[in-house]
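Me: I'd like to learn how to read a structure like this one. Could you walk me through it, feature by feature?

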Amino acid sequence: MEMMWRAISHPRLYRWARKFDEKSLFSFRFSGPDMIIIEPTNRCNIRCIMCGRTYFKTPQGDMDIKLYSKILDQIRIPLGIFHFGLGEPLLHPDIVEMIRIARRKGMHPSIITNGTILTPEMSRDLIRAGITSIGISLDAPTKKGFEYVRPGAHFETVVRNIADLVRIRAELEGEKPLIWVLAVPMMTNIRGFPELARMVKELGVDYFEVQRFELACQPGETDKIPGGLVEEDPFSEENRDVTIEVFKELDEFSIRENFEIKKPPPLGNLLYRSPFRCMMPYTYPVITWQGYLMPCFRFWDPREINMGSLCEKPFFTLWNGEPYRRFREALLSESPHPQCKSCRMFYGISQLWDEYAPVL
Ligand SMILES: C[S@@+](CC[C@H](N)C(=O)[O-])C[C@H]1O[C@@H](n2cnc3c(N)ncnc32)[C@H](O)[C@@H]1O
Ligand code: SF4
């Protein structure tokens, strides 16, 4: 497998391999992933009402930095590496060093953070280490709304940290990372999004992203989120009208103010269907803090499912190994993994909203 991967990594062959892999019709993937999520830690310092971390009993820990470096050596292609997981990545004591290592190896390291400990010093260190983008979660434009969604976080601190980050980016010489703000839409906060968009623009970040609300991210653990938060789902039959109205306002604001706002399709997977299945297990693998390879960011507990351990086998051996191929085969069949069947991305084409095409 490693030999074959070396041959396919040749630029000319690789272009061909990517063309071949564009459609998820096979369980095998000739080319590598488009992007990788690495979970530096699954510890967290706050308890967001919608997050699996708050409810799941997954064992907690930090990734060993030697394992991190070894994994990047195995991947070898200049990929985007997203640092987040079921936890707060800035809590990892070596996070700045991880970013530096990724950059030295030619990768494009990014982070998604709750912003609570993104101090000016941390911002400076991350930028100097070569981070290419930083996303900060801010789910509401008011103290009351934000602290209801994110118990343990302080609204003023997070807003100040974002403002400081933008200022420090302007002050420092050299490469400038992209900075964006993310928000999870729920019935409790979605009506505040037009106001939030205004606030985010004023903060001077590059764009605002409305995320896709997920009811659960772990097989067998759905019942551990109180009530499944079903009533919070902005894409349900009952709540959709409010969501469409808010999204319309966001579109108007975006055009008027010339400010980019990314949103998921408001109708879930009902209208936005691709003729193919979800591309996540072909494009966007996740590596847990213990070094387990996972097929998608809806899976975080290797005790439930995993594609093998990177402590034991190299990345490209696992990438087309038996468990991965079985998972992809199931995805293409009528009996995919139960988590896939209930997922809104099942008929989607990939993780990027822009790539969704309405197929009626
Ligand atoms: C799990 S967090 C980890 C990074 C960091 N701790 C943070 O809060 O930004 C990654 C992203 O997932 C989002 N998130 C949490 N629960 C979610 C849910 N139920 N559906 C969709 N996104 C969710 C968070 O708001 C955050 O932007
Ligand atoms: S969303 Fe982020 S900050 Fe909130 S509990 Fe989950 S991991 Fe922690």
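Me: Let's start with the ligands. Which residues come nearest to ligand 1?

Reply: The general idea is a distance cut-off: a residue is near a molecule if its C-beta atom, placed from the backbone, lies within 6 Å of it. Here there are 17 residues around ligand 1, and M50, C51, N114, S137 and E214 come nearest. One caution before we go on: this is a predicted model, where local features need pLDDT of at least 70 and side-chain atom pairs count only at pLDDT 80 or more, while totals for chains, interfaces and linings use all residues. Residues are numbered from 1 along each chain as its sequence is written, and chains are lettered from A and ligands numbered from 1 in the order in which they are written.

Me: How many residues of each class does the shell around ligand 1 have?

Reply: Sort them like this: Ala, Val, Leu, Ile, Met, Phe, Trp, Tyr, Cys and Pro count as nonpolar, Asp, Glu, Lys and Arg as charged, and the others, Gly among them, as polar. By that scheme the shell has ten nonpolar, four polar and three charged residues.

Me: And which residues are around ligand 2?

Reply: You'll find C44, I46, R47, C48, C51, R53, T54, L86, G87, E88 and N114 there.

Me: Now the fold. How many helices and strands are in the chain?

Reply: These come from DSSP runs, numbered from the N terminus: helices are H or I over at least four residues, strands are E over at least two. The chain has 14 helices and nine strands.

Me: How do I read a pair of packed helices?

Reply: Two packed helices are described by the angle between their axes and the distance between the axes. The axes are lines fitted to C-alpha atoms over the stretch in contact, and angles run from 0 to 180 degrees between N-to-C directions. Take helix α5 (residues 95-104) and helix α6 (residues 120-129): they pack at about 15 degrees, with axes 8 Å apart. α5 and α6 are therefore roughly parallel to each other (under 35 degrees is roughly parallel, over 145 roughly antiparallel, 65 to 115 roughly perpendicular, and the rest oblique).

Me: Which residues of α5 and α6 meet?

Reply: Contact means C-beta atoms, placed from the backbone, within 7 Å. V96, I99, R100 and R103 of α5 meet D125, L126 and A129 of α6. That contact has four nonpolar, no polar and three charged residues.

Me: What about α6 and α8? At what angle do they pack?

Reply: α6 and helix α8 (residues 155-171) pack at about 45 degrees, axes 9 Å apart. That makes α6 oblique to α8. On the α6 side the contact is made by P120, S123, R124 and I127, and on the α8 side by D164, L165, I168 and R169. Here the classes are four nonpolar, one polar and three charged.

Me: Next, burial. What share of the residues count as buried?

Reply: Count the other C-beta atoms, placed from the backbone, within 10 Å of a residue's own: 20 or more is buried, 12 or fewer exposed, in between partly exposed. Of the 360 residues of the chain, 41% count as buried.

Me: Is E232 buried or exposed?

Reply: E232 counts as buried because it has 22 C-beta neighbours inside 10 Å. Look for E232 in the loop between β6 (207-210) and α10 (240-257). Leaving out residues up to four places away in sequence, E232 touches M50, M186, M187 and T188.

Me: And where is I179?

Reply: I179 is in strand β5 (residues 178-183). With 21 C-beta neighbours inside 10 Å, I179 counts as buried too. Apart from neighbours within four places in sequence, I179 contacts I134, L165, V166, R169, V205 and D206.

Me: Last one, backbone angles. Which value does phi take at N258?

Reply: N258 has a positive phi of about 55 degrees although it is not a glycine. N258 lies in the loop between α10 and β7 (260-262), and with 7 C-beta neighbours inside 10 Å it counts as exposed. R76 also has a positive phi, near 65 degrees, and is partly exposed, with 16 other C-beta atoms within 10 Å.

Methods. Two residues are in contact if their C-beta atoms, placed from the backbone, lie within 7 Å.
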